[in-house]
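This briefing looks at salt bridges, taking a few pairs in turn. Please keep the sequence and the structure in view as you read.

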Amino acid sequence: MARLVLRRLALLIPTLLGLSILLFLWVRALPGGPATALLGERATPEAVARINELYGFDRPILEQYVTWIGELVRGNFGVSTRTGVPVMEEFLARFPATIELTVVALLIAIGVGIPLGYVAARHQGRALDHGTVVLSLLGVTIPVFFLAFLLKYLFAVQLGWFPSAGRIDPSMIATHPTGFYVLDGLLTREWDASWDALLHLVLPAVALGSIPLAIIARITRASVIEVQGADYVRTARAKGLRPPRLRRRVVIRNAMLPVATTIGLQVGLLLSGAVLTETVFAFNGIGSFLAEAIFALDYAVLQGFILFVAVVYALANLAVDVSYGLIDPRMRAR
Amino acid sequence: MTPVVSTGATPLLSLRDVEVTFTTEAGPATAARGVTFDVMPGETVAIVGESGSGKSTTAAAVIGLLAENGRVTAGRIVFDGQELVGQGTRAAAALRGREIGLVPQDPMSNLNPVLRVGAQIVEALEDNGVARGDAARRRAVELLEEAGLPDAARRAQQYPHEFSGGMRQRALIAMGLACRPRLLIADEPTSALDVTVQRTILDRLDVLTDQLGTAVLLITHDLGLAAERADRIVVMYRGEVVETGPALEILRTPQHEYTRRLLAAAPSLASRRIQLAKQHGTDDVDDLLAVSGGDPGTTTTPALSVVGAGDGTVTSSGPSGASAAGSPGDAGGLPDHIIEVAHVSKVFPIRGKGLFSRSTDFTAVDDVSFVIPRGQTVAIVGESGSGKSTVARMMLDLVKPTSGEIRFNGQPVGGADRAAETRFRRQVQPIFQDPYASLDPLYTIYRTIEEPLRAHGSASAAERRERVHQLMDDVALPSNLLRRYPAELSGGQRQRVAIARALALNPDLVVCDEAVSALDVIVQSQILHLLADLQHRLGLSYLFISHDLAVVRQIADHVCVMENGRIVEQGPADDVFDQPQQEYTQMLIDAIPGAGLELGLAG
């Protein structure tokens, strides 16, 4: 197991190096070079030369790369060309919101998707099963932003059960040591702040989690149906196992392997989906910042974001592989 | 294994006119009807029949584990005075594990892969209220020991994938007997295991159930095995009981036509070379195939078949004349041996377990040499892990030997020459064990058989069609099956398709890797006859890989016995079977179920 984790972590290094080379070349390949991209097409040659010197774009390409990587390793992602603030600072201010949203969305997707899929499988071919299948098909087909609008209109505007926008009530006075608002409230014992932040999370998280939820439910259903027909399930019944133990130790545990794979694959989807959801709910995460960075070709921000997503994705899938080992002893030897 | 059954005692299990019906899309299908028999306390009763005969369905009905679309639609099942039919699922559920145990068929698929073996016994003990916690854990180890698992305390902490097939079956026996049931249903408990392992496990089961006074309902397709192990036999055919009585009586004086066919086909009982006297293309008697003494009581005169005594004569007698095309079978200058294997070894590296540990070498095949005479059948027998399948794969050029050489028609196999490789692939064709897995489920039968013709062929569509129809004739399949898919065919039909496919390109050598092991005895016997017939007509040479000595005896001219990667004995089949030189060979022969039984087919 330790061997697996080490090997996978070691594999992360060449992956990130490869990605960094792509990102580095990408910026250099921008039309007119990075300086023109920064200053706009009507920049004077003098201004371009000044920028090139300032950012080192006139140095040999290999030297530029080594310098850049050296800075990255020290946590310096450069300065946002749009806001003039260091990229790291911008990220620290916004990423916690996005991570909070993503984690809650994933928890909802897992917490609802797996039981839903299981129940559907148990009622295979009956109304409950068909209902779940249709619902999950709907979940996959409805675009996230549209569902976000629907939820907002219904539960925030019409029913008023949940706040319609933002991360926390503006009138709420709370300190935020980590930037994860729900966690902050718990740390500082400001329970009302925690609760309010959680309420603000519900609708965006449901909207964001809908697609992964639908996919997880479908995979769970298919997997449980398959496992239910396995010989060892019949044998377990033959030896007189009571239904609770049969469910827990035989059916569910064996059915979870493909589900774990699916969950790992959803993480990347969630991060990119977060951008849309955040926009609808005016949720001050990385989403809107990133959208603006794209339009402004704020390459330092984009490079940092892409690298970050790659690391998160790789770690999420490492977590999945580790969970394989926990679920299935046959995987541990690999 | 002869428990005292006092006459007039109440049966432990009693079935009366039981009918089991499955609801299918095509309407109700009756899988068993009018099934009537008793099992006395402590008695062993065997239900014998081919797949689809309803024997497993009957057992499933007793234990309340029919598939969801099946139910008992008539009759009574009484266990220890308690009526089980119509009592809902709870009545049977209460008996499962505690009163009625089950040892299932396939040890590979019947253990929960994610739980330690010990824990799987503990949970049965706990859920049946026999023992809890530490007591249950200690008991589980005792039960594994009792089932004959060595080093049980350590083994209980391992997972199923760390067990061999035989060890898993022992674990399943420990599980089935964990709560000391009064009836044990053993559903083909050893059919997936090697004969030697099969024997030790059945012996163990006998001793245990004897000691505990457990009644056994043994489900098997093997009449020899049933006769050897059971007090009474129930023969089922197409969902009905056709004959029932004391085991030896059924063996000696079978009443029903089907029982007679079953007896005649049972490889363990009719162990003689399939004879093709009527097809003798020549009177040359190959001295390797010297006639051995007749077995009193068998109708089949054990006059040995002569197949392929001389190359040209046999080949030319093929009515289809197919073997001549594209094959050098009748060319004069070819060596007498179609295959020569000289000092072949295969070493596989096995990855180390630790982080930095080195890989170790595993020698799967160790300095093996033999030849296949043209037009004859050489069988390689051995237990799983003996290296016989690796030999087959090297013969098909799917695996390269680590050292040594295989020559086909005098030419070394596995050269760099692409054209030679293509030619080799045409001339050597495989037939694999599992007719369910080795045919593409998305191809029609026509396309399956036509595919090799397309892949290698220059033939036109019309020529291909004609060839496919001819091949269907050769394997005795009606051509109306051509539009069907493999899933719509029976196991025997599928294996015929696999044979037709293998023959499509007029091969010289067919490698049969356990080609009949997955089939019922009667179908098995038919396929073996077909193979023998085709060999005679087309001058084919066979390499026949099998763990089943009884089958080998029926088809092989020469036998190589493999153990741990080495050939420990080889020679003409009759010599090997009648005067085995090695203890290991003797052990394999002794392990054939029913080998010591005499039977009356004469009547």
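Which kind of contact do the side chains of B:Glu450 and B:Arg454 meet in? They meet in a salt bridge, with a nitrogen-to-oxygen distance of 3.1 Å. The model discussed here is a predicted one, and a search of the whole structure finds 35 salt bridges over all chains.

**Within one helix**
- Both B:Glu450 and B:Arg454 belong to helix H14 of chain B, which covers residues 445–456, and they are four residues apart, which is about one turn of the helix.
- B:Glu450 has a relative accessible area of 5% and counts as buried, because buried means under 20%.

**Between two chains**
- A:Lys239 and B:Glu123 form a salt bridge in which the closest N and O atoms are 3.2 Å apart.
- This pair joins two chains, because A:Lys239 lies in the loop between helix H10 (231–238) and helix H11 (243–280) of chain A, whereas B:Glu123 lies in helix H3 (residues 117–127) of chain B.
- Both partners are buried, since A:Lys239 has a relative accessibility of 7% and B:Glu123 has a relative accessible area of 1%.

**A partly exposed pair**
- The side chains of B:Glu405 and B:Arg407 also meet in a salt bridge, with 3.0 Å from N to O.
- B:Glu405 is partly exposed at a relative accessible area of 32%, and B:Arg407 is likewise partly exposed at 29%.

**A network**
- In chain B, salt bridges link B:Arg199, B:Asp203, B:Asp206, B:Glu228 and B:Arg229 in a network.

Conventions: Residues are numbered from 1 along each chain as its sequence is written. Chains are lettered from A and ligands numbered from 1 in the order in which they are written. This is a predicted model: local features need pLDDT of at least 70, side-chain atom pairs count only at pLDDT 80 or more; totals for chains, interfaces and linings use all residues. Side-chain values use heavy atoms; hydrogens and water are left out. A salt bridge is a side-chain nitrogen of Lys or Arg within 4 Å of a carboxyl oxygen of Asp or Glu. Buried means under 20% relative accessible area, exposed over 50%, partly exposed in between (1.4 Å probe, protein chains only).
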